[in-house]
Amino acid sequence: MSVRIVDSGTFYIGKRQILTLEAILGTCVGLALIDRKNDIAGLYHILLPEPPDPGTDFQREAYASTGLPVFLSEMVRRGADPARLEAHIAGGALVGPVSEEDFIMNIGGETFDVVESFLRENNIPIVYLETGGFFACRIQLDMRNFSVRVDPFESPEGFNIERFPRPTREDLIGTVSQLKPIPQVALKILDMVKRGDYSFAEISEEVRKDQVIAAKILAFCQSPMFRLPHGIQSIDRALVVLGERRLLQAVLMAYCEDVFRCATGGYSMCRGGLFNHAVTTAHIAQALARSFNLPEDQAYTAGLLHDIGKIVLDHYIHPVAPYFYRKVLNEGRSLVEIEKSVFGVTHIDTGEILCREWELPDAVYRAVRGHELSEFDEAGNMLIRIIKMANFLSGTFLPGQSLSAVGAADAAGIVRGVPLGKGQLLEVLGAASEVSRAVKS
Ligand SMILES: [Fe+2]
Ligand SMILES: [Fe+2]
């Protein structure tokens with residue numbers, strides 16, 4: 001049976017057919033509307049409660065207050081009778097024990113409130129409701145018979161304790177040596193970014209030497225993320241149209257996609273999930289750095305590479321993924337605590353090994369080391385706080401990419417470390433969801 005993933009900020013509407021619609025929900029809310037008599041149903045994956053600027057039409061579907069009227073009128077246009085609709089709702093998870101006034105921690109609850117009052121105003125009964133809780137879930141709408149299922153998000157396979165691996169340090173070094181390293185040219189570019197004196201003539205010169213990477217960069221230029229006209233055929237032309245900063249991002253993304261592709265399915269919760277998480281985190285980190293007047297390129301690079309250690313541990317998680325998923329998603333402990341208890345080593349440890357082996361720049365090393373620490377050992381380092389926040393936001397609001405978990409107490413510390421207004425947060429998350437969709441397309 002084919003499954004269609006409904007991404008955050010989008011919906012799908014159709015007649016009865018052999019298809020399952022599916023959305024992975026953390027703080028997002030999933031709403032299925034069904035009109036059985038007229039044979040039409042839809043699933044809507046709602047990211048946030050309301051837009052930062054209610055006056056604009058930008059990304060209406062990402063927000064409950066502006067997207068719900070669009071969803072409903074599209075249902076009606078496709079033949080649904082509003083008087084016959086029934087609603088099924090899931091998601092809207094809490095990030096952790098929350099204080100009432102903390103918007104970030106209760107964003108799922110706010111989205112749910114908007115959905116509930118919209119349904120009430122339109123006299124649409126809620127026949128099934130499973131919201132709140134602390135963990136991600138999966139809502140599925142079976143379009144054959146319009147049945148709805150909500151499950152905790154985990155792999156359905158069984159766990160075989162016999163295959164439980166506990167790598168030694170030698171094993172890890174061995175795994176690192178088998179990975180395809182980041183090419184020298186990428187390191188050179190990272191180093192230029194760190195020094196802040198990069199020369200684009202030099203970068204495009206280096207990139208042109210590698211046909212595979214050059215082709216990939218041109219492909220990225222066609223991605224909706226960069227919103228460019230089609231037909232850019234050369235790196236020089238890309239530089240003119242993209243501008244320096246975005247070309248740099250395209251170059252780094254091209255290298256990182258290669259590196260993250262080594263991860264075959266332990267940490268990635270969908271195809272390319274680890275890469276998607278990296279790019280989304282990088283974009284959020286860059287936006288936050290801009291607000292706090294910090295070097296944007298450093299934030300972007302550190303965001304892109306913060307979880308690089310996962311590509312090493314991924315090899316060991318793969319055979320026990322279902323067991324590991326269940327522990328991470330159900331125990332309410334942080335990912336690193338669980339890694340430590342299962343493997344005796346964390347993706348921070350393996351990230352540090354990689355940073356040393358590949359001689360990655362210091363800012364990346366510090367982001368790798370600091371992004372999952374529960375306390376601010378680098379209290380003065382705002383860049384680390386930003387990476388922690390970006391990692392937290394992309395893992396929480398755009399779940400289903402890379403396996404991640406932040407303990408409730410840590411979440412509160414992370415959020416307080418980077419004070420953000422509600423409007424600012426909504427803007428950053430709206431843009432991040434657009435990037436995440438663009439990476440997938
Ligand atoms: Fe991480
Ligand atoms: Fe992460």
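Trainee: How are the donor residues of the iron ion (ligand 2) spaced in sequence?
Mentor: This is a predicted model, and in it the donors follow the pattern H-x28-H-D-x83-N. Histidine 306 sits in the loop between α10 (296-305) and α11 (310-317), whereas asparagine 391 belongs to helix α16 (residues 382-397), so the pair links distant parts of the chain, 85 residues apart.

Trainee: Which atoms coordinate that iron ion (ligand 2)?
Mentor: The donors are His277 (NE2), His306 (NE2), Asp307 (OD) and Asn391 (OD1), at 2.0 to 2.2 Å.

Trainee: And what is the arrangement of the four donor atoms?
Mentor: It is irregular, because the angles they subtend at the iron ion (ligand 2) run from 89 to 170 degrees. A tetrahedral label would require all angles to lie between 85 and 135 degrees.

Trainee: Which residue coordinates both iron ions?
Mentor: Aspartate 307 does; the iron ion (ligand 1) and the iron ion (ligand 2) are 3.6 Å apart.

Trainee: Are histidine 306 and asparagine 391 buried or exposed?
Mentor: Histidine 306 counts as buried at 1% relative accessibility. Asparagine 391 is also buried, with a relative accessible area of 4%.

Trainee: Changing topic, how many disulfides are there?
Mentor: The count is zero. Cysteine 28 is buried at a relative accessible area of 0%, and cysteine 355 is buried at 3%.

Trainee: How many aromatic pairs, then?
Mentor: There are three aromatic pairs. In one of them, phenylalanine 11 and phenylalanine 71 have ring centres 5.0 Å apart and planes at 45 degrees, so the pair is tilted. Phenylalanine 11 lies in strand β2 (residues 10-14) and phenylalanine 71 in helix α1 (residues 64-77), so this pair ties together parts that are 60 residues apart in sequence.

Trainee: What does tyrosine 44 pair with?
Mentor: Tyrosine 44 forms a tilted pair with phenylalanine 71, at 5.1 Å centre to centre and 50 degrees between the planes. Tyrosine 44 is in strand β5 (residues 40-46), 27 residues from phenylalanine 71. Phe11, Tyr44 and Phe71 form one aromatic cluster.

Trainee: Which of these are buried, and which partly exposed?
Mentor: Phenylalanine 11 is partly exposed at 22%. Phenylalanine 71 is buried at 1%, as is tyrosine 44 at 0%.

Trainee: One more topic: in what order do the four strands of the open sheet run?
Mentor: The order is β1-β3-β8-β9, with mixed pairing. β1 (3-5) and β9 (147-152) stand at the edges with a single partner strand each, so one side of each has no neighbour in the sheet. The twist averages 25 degrees from one strand to the next.

Trainee: In what sense do β8 and β9 pair?
Mentor: Strand β8 (residues 137-142) pairs with β9 in the antiparallel sense over six bridges. Arginine 138 stands opposite aspartate 151 in β9.

Technical notes:
Residues numbered from 1 in each chain as written. Chains lettered and ligands numbered in written order. Predicted model: local features only at pLDDT ≥ 70, side-chain atom pairs only at ≥ 80, totals over all residues. Heavy atoms only, no water. Pairing = 2+ DSSP bridges. Helix = DSSP H or I, 4+ residues; strand = E, 2+ residues; numbered from the N terminus. Axes fitted to C-alpha atoms, helices over the stretch in contact; angles between N-to-C directions. Donors = N, O, S within 2.8 Å, 3.2 Å for Na, K, Ca; no water. Tetrahedral: all angles 85-135°; square planar, octahedral: opposite > 155°, others 65-115°. Buried < 20%, exposed > 50% of the residue type's maximum accessible area, 1.4 Å probe, protein only. Disulfide = S-S within 2.5 Å. Phe/Tyr/Trp six-rings, centres within 6.5 Å; stacked < 30°, edge-to-face > 60°.
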